[in-house]
Amino acid sequence: MNNFLLFAVVNLTLVLFLSPLYISVIKKVKAIIQGRRGPSIIQSYRNIFKLLKKESLYSHNSSFIMRVAPYIDFTGSLLLSLFVPLVFIPNNSNVFGNIILFLYILMLGKFVIALSGLDAGSTFGGMGSSREMSLSAIIEPTIIVVFAAVVFSFDSINFFEIIKSSLLSQNHIFLWLLLIPFIIIFITESSRIPVDNPETHLELTMIHEAMILEQSGKNLALIEWSSAIKQLLLIGIIVNIFIPIGISTSMNILALSIAVIIFFVKSLLFAIGIGIFESNIAKLRFFRIPNLFAISYFLSFITILIEVLL
Amino acid sequence: MIFYVMIFQVSIILFVLSIIIPLIFINVKKSLSRTLSLVMLILACVGLLFFSFSVLMYETINFQILLSGFTFKFSIDSLASFFIILISLIALSVGIYSISYCEHFESEIKKNLLVSLTSFFILSMVFVVASQDLISFLFFWELMSISSFMLVMFDYDKPETKKAGIFYFVMTQISTIFLIFAFVFIYTHINGLEFTQLEGLSAPVASLIFLSLTVGFAIKAGVIPFHKWLPYAHPASPSSISALMSGVMIKVAIYGFLRFLFLLPEQQLWWGILILIAGTVSALLGVIYALKEHDIKRLLAYHSIENIGIILLGVGLYMVFSFYQFGDLAMISLFAALFHTLNHALFKSLLFLSAGSVVHKMHTKNIEEMGGLIKKMPYTALLFLIGAISISALPPFNGFVSELMIFQVFLKFSVLSSPIIKIILLLSLSLFALTSALAAVCFVKAFGIIFLASPRSEEAEHAKEVNLSMIIGPAILAILCIFLGIFSYQIFQVIGLKIGIRFGLPNLLIVSTIAVFLGSLTYILMKFVGNNKSRVTETWGCGINSQNASMEYTASGFSQPVTTIFKSIYQPKLVNQKSFYDQEGTFFKEGEAKVTMIKFFEEYLYMPISRAISQVSSILYYLQNKVELYPYILANFFAIIVLLLYLGVIIR
């Protein structure tokens with residue numbers, strides 16, 4: 001239990017203070033590729049701080065849903081950060097780490113934010129909610145098959161055990177086929193190009209940003225922060241499953257600090273990769289997105305087929 | 001033991017009284033007799049709950065009721081007592097709900113009749129579940145069908161109700177025909193009426209019995225493609241009855257299926273696969289059809305089809321895993337199916353009752369005319385929200401737990417040896433994930449359009465909260481939804497389901513406690529760090545000073561992305577008729593444009609069958625009534641000659 005407490009403290013600290021960084025890093029990479037200087041690397045921290053200090057506006061139409069949704073979403077994200085070992089794997093727990101529970105807490109956050117999008121009665125909010133929920137529904141088969149492949153390869157349904165056995169054994173060659181589906185899931189869940197564009201406001205292409213258009217002040221800060229946390233957790237899942245090097249299993253301070261540094265490097269590289277990828281691709285038309293999902297579905301299905309048949 | 005039987009008998013007597021009392025005072029203007037009868041119903045349910053919990057804990061109880069030379073045999077084992085718990089829980093809350101709900105019908109006769117028929121319906125379901133021989137089962141099954149038919153026809157003066165009622169009646173009788181067919185086979189095999197293990201059946205006969213039982217129960221449960229009566233019957237019947245039909249009656253069909261499945265000897269693999277595929281198809285198509293519905297009760301009816309599909313997924317997994325001798329996994333899947341049966345009964349009745357409150361105040365079932373009701377009917381809104389979260393399988397509510405168990409069993413697909421079965425399981429798993437996510441989309445739509453934003457019609461503007469009894473009734477179910485979710489781990493421990501715990505089901509009580517802790521930490525932190533000023537102002541409307549309800553996103557707009565993505569399933573057709581004053585088509589006179597969706601099963605399955613039947617009967621009609629006597633004699637003459645020739649020449 002002590003072990004788990006340490007894990008909880010380390011993970012919560014990491015996600016709370018590190019997560020906004022990755023948003024800036026991706027932005028910076030894109031700016032450099034486009035030949036601009038780009039915002040400072042701590043701009044996303046400044047944004048959250050600025051929003052925290054602003055007053056909150058609510059629509060006449062809105063109800064308690066709009067007021068509690070950001071808190072539920074943020075709490076959900078904090079809870080999720082107890083599911084994914086980032087730098088340290090605690091002893092097994094029958095409470096946390098369950099993949100299905102992870103996916104559905106993610107869904108709970110979306111559900112309440114989508115409701116709050118409809119709450120103000122604005123057309124943008126409704127449109128955003130509708131699109132976000134539809135996309136998150138049709139990516140679901142891909143997500144479950146990808147995780148089924150992971151569960152199949154590591155013979156466990158718990159993130160703790162999966163990452164632990166990934167750390168101990170290195171012979172999951174076919175798993176690399178899952179990288180593309182994983183990246184597509186990452187892009188969808190963190191609302192990035194080519195599925196959504198996090199930088200546009202008031203454009204007919206936007207999805208996530210439209211949904212939270214009526215949010216303001218500290219509520220908006222919570223939502224943005226929570227998206228950043230979710231993004232970091234997804235990065236954590238991907239890099240730790242594919243490149244588990246450096247994760248610590250003991251409570252040693254030295255091992256832990258090395259693990260933090262290695263994780264930082266791995267995840268930053270991943271974020272830079274995402275930035276480069278985004279710069280080279282245009283946003284897809286909304287109704288083309290299901291094709292992208294179909295590709296990732298087939299790739300992940302094939303992975304399982306190969307593993308089953310061989 | 002005798003004590004428990006006595007409780008059961010007292011409950012039955014209370015039921016009978018609650019059927020008779022409103023009938024005696026059918027034309028009396030006072031509501032006292034109805035209330036008294038409903039209180040008796042509630043007491044009877046409490047009695048049954050007490051009775052069946054003790055049966056579940058201890059032992060099977062057998063007894064008989066003699067009815068003028070006719071013996072009904074009852075046996076209540078743990079399976080039956082589980083379903084009696086389910087029936088009485090829902091009946092309890094429907095009883096409380098009905099105390100004020102039944103008062104809004106126009107005539108005294110109707111009010112009293114509703115109460116009496118409701119009790120009758122519930123009692124017949126209890127007896128179906130308790131029955132221990134074929135005849136009792138069939139007798140009470142028919143009583144259940146007839147009483148529910150009368151309740152569907154309750155608003156008999158509306159034309160759509162008539163259609164729904166007749167549709168329902170025909171379907172339910174077809175279901176009974178299939179059951180009788182199977183029962184005849186069983187009867188000839190065991191030479192008796194009691195439910196006993198069927199041994200020594202040859203494989204084709206066993207499969208035949210299995211298939212006809214499956215069709216018979218599938219019709220009643222609303223499994224696709226036998227589902228069509230559900231979306232007709234639910235909007236037509238009173239809301240309390242929809243809750244009972246959707247929450248309980250279709251579960252009685254699941255009970256029947258399981259009861260006979262356990263009696264059948266060595267099951268074959270394809271039975272399990274068949275149930276698995278039927279479950280997947282029902283679940284996915286059910287939710288896809290639900291997404292395009294804007295009639296709240298029809299939307300909920302399609303979700304019942306979806307959830308029956310999920311229950312069948314559990315049953316199918318049980319059959320597949322027990323075929324391959326994986327006892328633990330089979331038990332978990334069966335338990336998941338039963339748990340989902342209970343959960344669906346709870347949240348679906350909750351949704352039907354709270355939707356019934358909304359319909360009662362709004363006088364329309366079309367969600368496009370609602371909106372903003374969260375401020376007018378806050379308690380009803382909260383109840384509906386709890387139901388919506390439960391049915392969308394979001395943690396920590398009960399719908400999540402049973403779906404989680406099914407997911408976990410699915411993810412164990414690698415233990416099976418056959419690659420084809422693995423692939424079937426995997427496909428089924430991914431469609432199941434899609435189903436569950438689409439359900440969340442659908443309930444964001446339903447809750448968002450009904451309760452959020454600003455009112456879209458005059459009636460929504462002036463809606464008021466319903467009476468206390470119409471809140472307390474569903475509130476019991478809502479509390480149970482939360483309780484069964486959060487304390488699921490502890491419940492499994494108490495009833496001794498060690499497998500579940502070894503299986504790695506998460507302890508949701510700890511998760512929710514930590515979530516509450518983190519949530520309050522966030523709240524306190526925000527109070528200190530964040531700016532606490534807030535202002536209520538206009539919704540931003542792109543420069544328009546004041547917004548009105550016509551600018552809000554509509555339900556059809558909300559489901560449009562999904563409709564477009566699943567275009568091949570809906571097959572929407574744009575009908576565009578225009579007429580002009582002149583021949584060149586310059587001056588527009590009048591026109592009509594509408595989008596129609598294909599009714600696949602009605603157009604390609606139901607209608608061809610009914611056309612074929614009416615063609616055959618028109619030929620028979622012609623032979624019977626239109627043909628003269630002489631051709632008959634001639635035909636008989638030839639027939640006899642042919643017969644004689646056959647017997648005399650060919651056979652010899």
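Me: Before I look at the helices, what is the expected span of a helix?
Reply: The expected span of a helix is 1.5 Å times one less than its number of residues, and the model you are looking at, on which such a value is computed, is a predicted one.

Me: OK, so how far does helix H10 of chain B reach?
Reply: Helix H10 of chain B, which covers residues 269-291 and so has 23 residues, reaches 34 Å from its first C-alpha to its last, and that is close to the 33 Å expected at 1.5 Å a residue.

Me: Switching topic, which peptide bond in chain A is cis?
Reply: One that is cis runs from Ile193(A) to Pro194(A), with omega near 5°, and Pro194(A) lies in the loop that links helix H7 (179-189) with helix H8 (208-211) of chain A.

Me: What about Pro395(B) and Pro396(B), cis or trans?
Reply: The peptide bond from Pro395(B) to Pro396(B) is cis as well, with omega near 0°, and Pro396(B) sits in the loop between helix H14 (378-391) and helix H15 (398-410) of chain B.

Me: Is Ala393(B) buried or exposed?
Reply: Ala393(B) counts as buried, because its relative accessibility is 1% and the cut-off for buried is under 20%.

Me: And where is Gln325(B)?
Reply: Gln325(B) is in the loop between helix H11 (296-323) and helix H12 (327-362) of chain B, and its phi, near 65°, is again positive in a residue other than glycine. Gln325(B) is exposed, with a relative accessible area of 68%.

Me: What about Cys481(B), how far away is the nearest cysteine sulfur?
Reply: For Cys481(B), which is also in no disulfide, the nearest cysteine sulfur is that of Cys442(B), 17 Å away.

Me: Are those two, Cys102(B) and Cys481(B), buried or exposed?
Reply: Cys102(B) counts as buried at 1% relative accessibility, and Cys481(B) counts as buried at 0%.

Technical notes
Residues are numbered from 1 along each chain as its sequence is written. Chains are lettered from A and ligands numbered from 1 in the order in which they are written. This is a predicted model: local features need pLDDT of at least 70, side-chain atom pairs count only at pLDDT 80 or more; totals for chains, interfaces and linings use all residues. Side-chain values use heavy atoms; hydrogens and water are left out. Helices (H or I, at least four residues) and strands (E, at least two) are DSSP runs, numbered from the N terminus. Buried means under 20% relative accessible area, exposed over 50%, partly exposed in between (1.4 Å probe, protein chains only). A disulfide is a pair of cysteine sulfur atoms within 2.5 Å.
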